[in-house]
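Welcome! Here is a short briefing on charged pairs and on one helix, written to be read beside the model.

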Amino acid sequence: MHIYTYEKAVNEVTKMIASILKTLSDINRLRILNLLNQREMCVCEIEYLTEISQSNLSRHLKNMTNLGLLISWKENKFSYFRINEAFLDNNPFIREIMGRLSEEEVIKKDEEKYQEYLTMNIPCECISDLILERRFHRRKDSQVS
């Protein structure tokens, strides 16, 4: 009986590590994680910075939240996310992965966008308008091509 308990515990740890690695195997989730490593953010901010569609972004955020990697809450009509530091403390290899992200080109671009975004000082209420404007210009440009 004691051996069974040990094997069951090993299986649970192995399953958790596999779930974490599966979650982190997606570049968009790594991009989201990197942005949230800067500070907590509203969904609209993450959407604006990553240019991931809202439906895909919601799927990624749900996956990461269900795993325990992110914590979410609502304020008025906005949903916010932040990294669950306790989860990182229990799984320190994630910090090692995050530390290596800065070497990736797409992460560098996200960080440049983030720094530019900070200088704009835009409230969440206005970000949706910027996203819609960007979509409009893309459609218009694709019709001209």
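A residue is called exposed when its relative accessible area is over 50%, buried when that area is under 20%, and partly exposed in between. By this rule R100, with a relative accessible area of 52%, is exposed. Please keep in mind that you are looking at a predicted model. Side chains of opposite charge can pair when their charged atoms come close. In this structure there are seven salt bridges.

**A buried pair**

- R31 and D110 form a salt bridge, and their closest N and O atoms are 2.7 Å apart.
- R31 sits in helix α2 (residues 27-38) and D110 in helix α7 (residues 105-120), so this pair ties together parts that are 79 residues apart in sequence.
- R31 is buried because its relative accessible area is 9%, and D110 is buried too, at 1%.

**A pair joining two helices**

- E85 and R95 also meet through their side chains in a salt bridge, at 3.1 Å from N to O.
- E85 belongs to helix α5 (residues 85-90) and R95 to helix α6 (residues 93-100), so the pair ties together parts that are ten residues apart in sequence.
- E85 is partly exposed, with a relative accessible area of 37%, and R95 is partly exposed at 36%.
- Salt bridges link E85, D89 and R95 in a network.

**A pair within one helix**

- The side chains of R100 and E96 meet in a salt bridge, with 3.0 Å from N to O.
- Both R100 and E96 lie in helix α6, four residues apart, so about one helical turn separates them.
- While R100 is exposed at 52%, E96 counts as partly exposed at 46%.

**The two sides of helix α4**

- Helix α4 (residues 54-67) has 14 residues, which at 1.5 Å a residue should span 20 Å; the end C-alpha atoms are 20 Å apart, so the two values agree.
- Which residues of α4 are buried? They are L57, H60, L61, M64 and L67.
- After α4 comes G68, which has a positive phi, near 105 degrees.

Definitions and conventions: Residues numbered from 1 in each chain as written. Predicted model: local features only at pLDDT ≥ 70, side-chain atom pairs only at ≥ 80, totals over all residues. Heavy atoms only, no water. Salt bridge = Lys/Arg side-chain N within 4 Å of Asp/Glu carboxyl O. Buried < 20%, exposed > 50% of the residue type's maximum accessible area, 1.4 Å probe, protein only. Expected span 1.5 Å × (residues − 1).
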